[in-house]
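Hello,

Here is the structure I said I would pass on. My notes on it follow below the coordinates.

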Amino acid sequence: MTDPSVAPAPAHGPAPEPVKPPRLKAGDTVAVVSTSWGGPSVFPHVFDRGLDVLRRVFGLQVREMLTARMAALELAENPRRRADDLNDAFADPSIGAIIVSIGGVDSVRILEHLDASLAVANPKILLGFSDSATQLVFYTQAGLVTFNGPSVMAGFAQLERFEGLAAHVRALLFEPDDTYEYRPYAEWSDGYEDWREPSNAGEVGEQRAHDGWRWLQGSGRVEGRLFGGCAEVLEMLKGTSFWPAPEFWRDRILFLETSEDKPTAETVGYWLRNYGVQGVFDRVSGVLVGRARGYSDAEKVDLDEMVVRVIAREFGAGALPVVTNLDFGHTDPQWILPLGVRAEIDVDARRFRLLEAAVT
């Protein structure tokens with residue numbers, strides 16, 4: 001195993017030019033890690049369904065790292081072991097990508113044990129969301145492009161229930177073009193069937209027709225490098241040495257999404273107010289908000305109103321493009337958003353796209 005010294009905090013100031021990982025191809029080996037909750041040990045049938053999709057749909061070889069199926073309690077008690085899996089996966093030249101099994105609540109505890117320079121020297125796709133945002137943010141600040149998107153158990157296991165999701169994964173990670181325009185999925189689901197029942201391993205809840213992105217403010221066209229993740233998880237990083245310095249935010253497009261915990265609009269407002277006090281809304285090029293899981297239509301309206309209230313009225317950023325109800329976060333299917341890659345929001349054309357490939 002690699003045994004790095006305690007990782008330094010990501011460099012403050014402007015981020016280095018991002019390092020892109022190589023694209024995936026059929027036959028490549030992907031490492032699966034459990035860096036947060038030990039979900040595979042609790043619901044192995046859901047985990048196995050996700051692994052099957054990786055193998056059968058995408059032609060990938062799967063290597064389960066040592067903690068992949070570790071018992072949830074043992075995993076929780078060993079943040080260093082979780083970090084070792086990531087360090088070992090980045091160090092192994094036979095591994096082409098790293099995919100997280102599922103999220104959780106405490107992966108912030110592994111950051112001090114991660115070797116950022118090892119990852120940048122051996123770039124690979126790192127894909128996950130929710131609590132995995134800690135690792136995505138950590139490596140992105142060190143200069144590596146990382147990927148906010150489906151995990152093995154929450155996304156890949158259910159992939160075949162959604163038209164267009166497999167093609168989206170291929171377009172971002174396997175067969176990239178110089179630009180990529182994001183489009184809404186026709187239907188979406190707010191959750192999964194009961195995982196305690198093995199027959200529900202790849203099932204989702206009721207599928208609903210897409211109700212449209214919400215262009216709340218702004219005009220014209222802006223560019224910036226994508227950065228963000230699950231709002232609750234990012235709160236755990238604020239005030240630590242792993243949080244970006246003020247100048248990091250310049251010319252970023254900030255994306256945020258809420259988890260299944262369903263924070264109130266008022267709570268989201270508290271979080272946004274903190275960004276405002278940091279000067280983030282004076283520096284970023286735009287703000288994107290994912291489709292909120294578990295919210296009624298009325299609650300989504302309240303959330304939108306809170307976003308505008310804080311950004312535009314409290315901090316005077318009324319010209320900053322803000323779009324909500326986008327297809328990423330804790331609902332399915334979700335996009336893959338590459339942190340560190342240049343993107344464009346065109347408010348007048350109602351368009352959101354990448355301006356470069358996320359992989360080489």
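The lining of the second largest cavity divides by class into 3 nonpolar, 3 polar and 4 charged residues. This is a predicted model, and the volume of that cavity comes to about 60 Å³. Its lining consists of R214, V289, G290, R291, A292, K300, L303, D304, T324 and N325. Two or more of these residues come from each of β12, α11 and β13, and α11 gives the largest share, 3 residues.

In total the structure holds 4 cavities of 30 Å³ or more. The largest cavity has a volume of about 90 Å³. A231, L256, E257, T258, V268, W271, L272, V287, V289, L303 and V307 form its lining, which by class has 9 nonpolar, 1 polar and 1 charged residues. At least two lining residues are supplied by each of β11, α9, β12 and α11; the largest share, 3 residues, is from α9.

Helix α11 contributes to both linings, so here are its details. The helix covers residues 297-314, 18 residues in all, and spans 25 Å from first C-alpha to last, close to the 26 Å expected at 1.5 Å a residue. Which of its residues are buried? They are K300, L303, D304, M306, V307, V308, V310, I311 and A312. An α-helix has 3.6 residues a turn, so residues three or four places apart point the same way. The cover over the buried residues of α11 includes β7 (187-189), β9 (214-217), α9 (265-277), α10 (280-283), β12 (286-290) and β13 (322-326). Just after the helix, G316 has a positive phi of about 65 degrees.

Helix α8 (residues 231-237) provides the largest share of the lining, 3 residues.

Some backbone points to check before you set anything up. Most residues other than glycine have a negative phi, and most peptide bonds are trans. The exceptions I noted are these:

- K262, not a glycine, has a positive phi of about 55 degrees. K262 sits in the loop between β11 (252-257) and α9 and is partly exposed, at a relative accessible area of 33%.
- R350, also not a glycine, has a positive phi of about 55 degrees. R350 is in the loop between β15 (342-346) and β16 (351-354) and is partly exposed, at a relative accessible area of 47%.
- D332 and P333 are joined by a cis peptide bond, with omega about -5 degrees. P333 belongs to the loop between β13 and β14 (337-339).

Last, confidence. The average pLDDT of the protein chain is 95, and 96% of the residues score at least 70. Residues 1-14 stay under 50, and the model has 31 contacts for them beyond four places in sequence. Where pLDDT is low, the predicted coordinates should not be read in detail.

Regards

Methods: Residues are numbered from 1 along each chain as its sequence is written. This is a predicted model: local features need pLDDT of at least 70, side-chain atom pairs count only at pLDDT 80 or more; totals for chains, interfaces and linings use all residues. Side-chain values use heavy atoms; hydrogens and water are left out. Helices (H or I, at least four residues) and strands (E, at least two) are DSSP runs, numbered from the N terminus. The expected span of a helix is 1.5 Å times one less than its number of residues. Buried means under 20% relative accessible area, exposed over 50%, partly exposed in between (1.4 Å probe, protein chains only). Contact means heavy atoms within 4.5 Å. pLDDT is the predictor's confidence in each residue, from 0 to 100. On a 1 Å grid over the protein atoms alone, a cavity is a set of points where a 1.4 Å probe fits but cannot get out, and a pocket is an open set with protein on both sides within 12 Å along at least five of seven lines; lining residues have an atom within 4 Å of a point. Grid points are joined across faces, edges and corners, and a volume is the space filled by probe spheres set on the points. Ala, Val, Leu, Ile, Met, Phe, Trp, Tyr, Cys and Pro count as nonpolar, Asp, Glu, Lys and Arg as charged, and the others, Gly among them, as polar.
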